[in-house]
Number of protein chains: 2
Amino acid sequence: MTYCVGLKLNAGFVLLSDTRTNAGLDNIATYRKMFLFQEPGERVVAIMTAGSLSVTQTTLARLDEAVNDDMADETTSVMKAPTMLQVASIIGHTLSNTRREIVGQMRDFNQQASASMIVAGQRKGGDMRMFLIYPEGNFIEATDDTPYLQIGEHKYGKPILDRVVTPATSLADAQKAVLLSMDSTLRSNLSVGMPLDLTIIEKDACTVTAQRRILEGDPDFMEMSAAWSAALRESFVKVTI
Amino acid sequence: MTYCVGLKLNAGFVLLSDTRTNAGLDNIATYRKMFLFQEPGERVVAIMTAGSLSVTQTTLARLDEAVNDDMADETTSVMKAPTMLQVASIIGHTLSNTRREIVGQMRDFNQQASASMIVAGQRKGGDMRMFLIYPEGNFIEATDDTPYLQIGEHKYGKPILDRVVTPATSLADAQKAVLLSMDSTLRSNLSVGMPLDLTIIEKDACTVTAQRRILEGDPDFMEMSAAWSAALRESFVKVTI
């Protein structure tokens with residue numbers, strides 16, 4: 001499993017992903033699920049992935065190949081597509097084609113492979129846009145009504161987002177919200193695990209503003225987690241029925 | 001969907017169930033999912049249900065028929081079985097047989113039907129015991145390490161239980177915990193709905209101590225829910241990263 005969450009706020013994007021990949025409970029590994037393409041000041045595209053590692057890695061490798069291919073044009077390179085909508089469309093097509101190929105290869109074993117992605121980005125002069133791309137290649141977009149998108153194990157971490165996140169939320173508060181959302185998920189689902197990758201992209205910067213890997217045992221994260229537990233228990237005592 | 005939660009504490013049982021039943025999003029109805037068998041002072045057995053209504057209703061009707069059948073013996077009546085383990089076993093068999101019959105009837109339509117149950121009870125002189133009964137009829141039991149069991153949509157309401165419930169939790173606090181657990185679930189899953197059925201069974205009473213139906217718009221529940229939201233937001237402001 002996986003947990004990735006992206007917030008699209010008036011002030012920018014806040015993106016957080018875990019790194020746990022597993023094939024069964026007895027085969028656990030760490031793989032990055034946050035990928036960045038950028039030409040600072042011109043365009044930034046962040047992609048977070050969930051699902052079969054063979055599908056997500058191959059999809060990302062193909063996207064990367066197209067970006068680095070001088071022959072690639074605006075229909076294949078996410079760094080050349082004229083709009084973010086077309087970026088989402090390129091990623092959707094690549095994902096859906098890759099998935100179809102891999103499922104075809106596995107047909108004899110009667111196995112499935114699937115993956116989904118969150119894509120957040122902005123090009124110079126364009127709007128910030130964030131999409132959730134389904135395994136079939138179609139997608140939905142974050143809006144002011146629901147300014148966040150989640151992939152993977154989304155349930156444990158959803159209540160805190162519903163309660164505190166609006167488009168007006170500051171980047172600092174948003175960072176806290178996604179980390180608490182992740183904290184609830186880490187506690188309840190063993191197949192989501194540290195380290196975490198956090199990326200902040202300020203509005204109109206068209207480049208990554210801050211990027212941080214939070215390791216197992218990170219003192220700030222542990223302190224926040226303990227303070228949140230204590231605050232919840234305190235709140236529990238105060239509330240009456 | 002459904003959400004039912006049962007706590008087995010040193011002081012007694014606290015059980016809470018919703019009442020929403022749906023066949024698709026366009027066909028929603030209210031059905032009780034909390035059922036009680038008791039001979040006050042001698043034995044109390046509470047059952048909460050999740051899953052296909054035809055399976056749970058038929059299972060309950062058969063258990064009820066056996067309890068009211070003078071010819072029923074300790075192998076078929078949950079009120080005559082010598083131990084709570086055997087009560088769980090009778091319910092497991094009835095559930096699994098009923099499910100198998102109904103799935104057989106639906107074979108032509110290639111449809112599935114399934115159900116699970118939480119059974120909590122005590123007989124005079126025996127221990128309090130609580131079981132989660134799977135569709136196949138096998139079961140697991142609540143222990144001091146994990147003093148609660150959930151069926152249905154369990155994820156949204158689990159973090160609060162993990163944080164505040166231990167076997168030493170008082171019945172009053174436990175009641176608050178299950179209501180807050182339900183509150184989180186109601187907010188996030190439309191297929192879980194009011195009214196709620198709450199049942200308290202004190203240790204060694206061998207009878208229902210308190211029973212309450214909480215209706216949509218119940219002022220106490222609404223106030224608790226609003227206070228909890230406010231307390232969470234306040235906690236969020238206090239926690240730093």
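This is a predicted model: local features need pLDDT of at least 70, side-chain atom pairs count only at pLDDT 80 or more; totals for chains, interfaces and linings use all residues.
Figure 1. Polar contacts between chain A and chain B amount to 15 residue pairs, both residues being at pLDDT 80 or more.

**Figure 2. The side of chain A that touches chain B.** Helices α3 (158–164), α4 (171–188) and α5 (219–238) of chain A each contribute at least two residues to this side. The most comes from α5(A), with 14 residues. By residue class, the side of chain A that touches chain B holds 17 nonpolar, six polar and 13 charged residues.

**Figure 3. Extent of the contact between chain A and chain B.** Chain A brings 36 residues to the contact, and chain B brings 36 residues. About 3,300 Å² is buried between the two chains, and carbon and sulfur atoms give 64% of this area. Of the area that chain A buries against chain B, 29% is supplied by A:Arg163, A:Phe236 and A:Ile241, more than by any other three residues.

**Figure 4. Strand β6 of chain A and its partner strands.** Strand β6 of chain A spans residues 43–51. Eight of its nine residues are buried, so β6(A) is largely enclosed by the rest of the structure. Strand β5 (residues 34–39) of chain A runs antiparallel to β6(A) and is joined to it by six bridges; within this pairing, A:Phe37 stands opposite A:Val45. Nine bridges link β6(A) to strand β7 (residues 115–123) of chain A, again in an antiparallel arrangement. Here A:Arg43 stands opposite A:Arg123 of β7(A).

**Figure 5. The hairpin turn between β5(A) and β6(A).** Three residues separate β5(A) from β6(A) in this hairpin. Within the turn, A:Gly41 has a positive phi of about 85 degrees.

**Figure 6. Surroundings of B:Gln211.** B:Gln211 belongs to strand β12 (residues 210–214) of chain B. Its relative accessibility is 48%, so B:Gln211 counts as partly exposed. Apart from neighbours within four places in sequence, the residues in contact with B:Gln211 are B:Arg32, B:Leu36, B:Leu198 and B:Thr199. For B:Leu198, the C-alpha to C-alpha distance to B:Gln211 is 5.7 Å, with the two residues 13 residues apart in sequence.

Key:
Residues are numbered from 1 along each chain as its sequence is written. Chains are lettered from A and ligands numbered from 1 in the order in which they are written. Side-chain values use heavy atoms; hydrogens and water are left out. Contact means heavy atoms within 4.5 Å. Buried area is the accessible area (1.4 Å probe) that two parts lose on being put together, summed over both. A polar contact is a pair of N or O atoms within 3.5 Å; within protein, one must be able to donate a hydrogen and the other to accept it, and residues adjacent in sequence count only if both atoms are side-chain atoms. Helices (H or I, at least four residues) and strands (E, at least two) are DSSP runs, numbered from the N terminus. Ala, Val, Leu, Ile, Met, Phe, Trp, Tyr, Cys and Pro count as nonpolar, Asp, Glu, Lys and Arg as charged, and the others, Gly among them, as polar. Buried means under 20% relative accessible area, exposed over 50%, partly exposed in between (1.4 Å probe, protein chains only). Two strands pair if DSSP finds at least two bridges between them.
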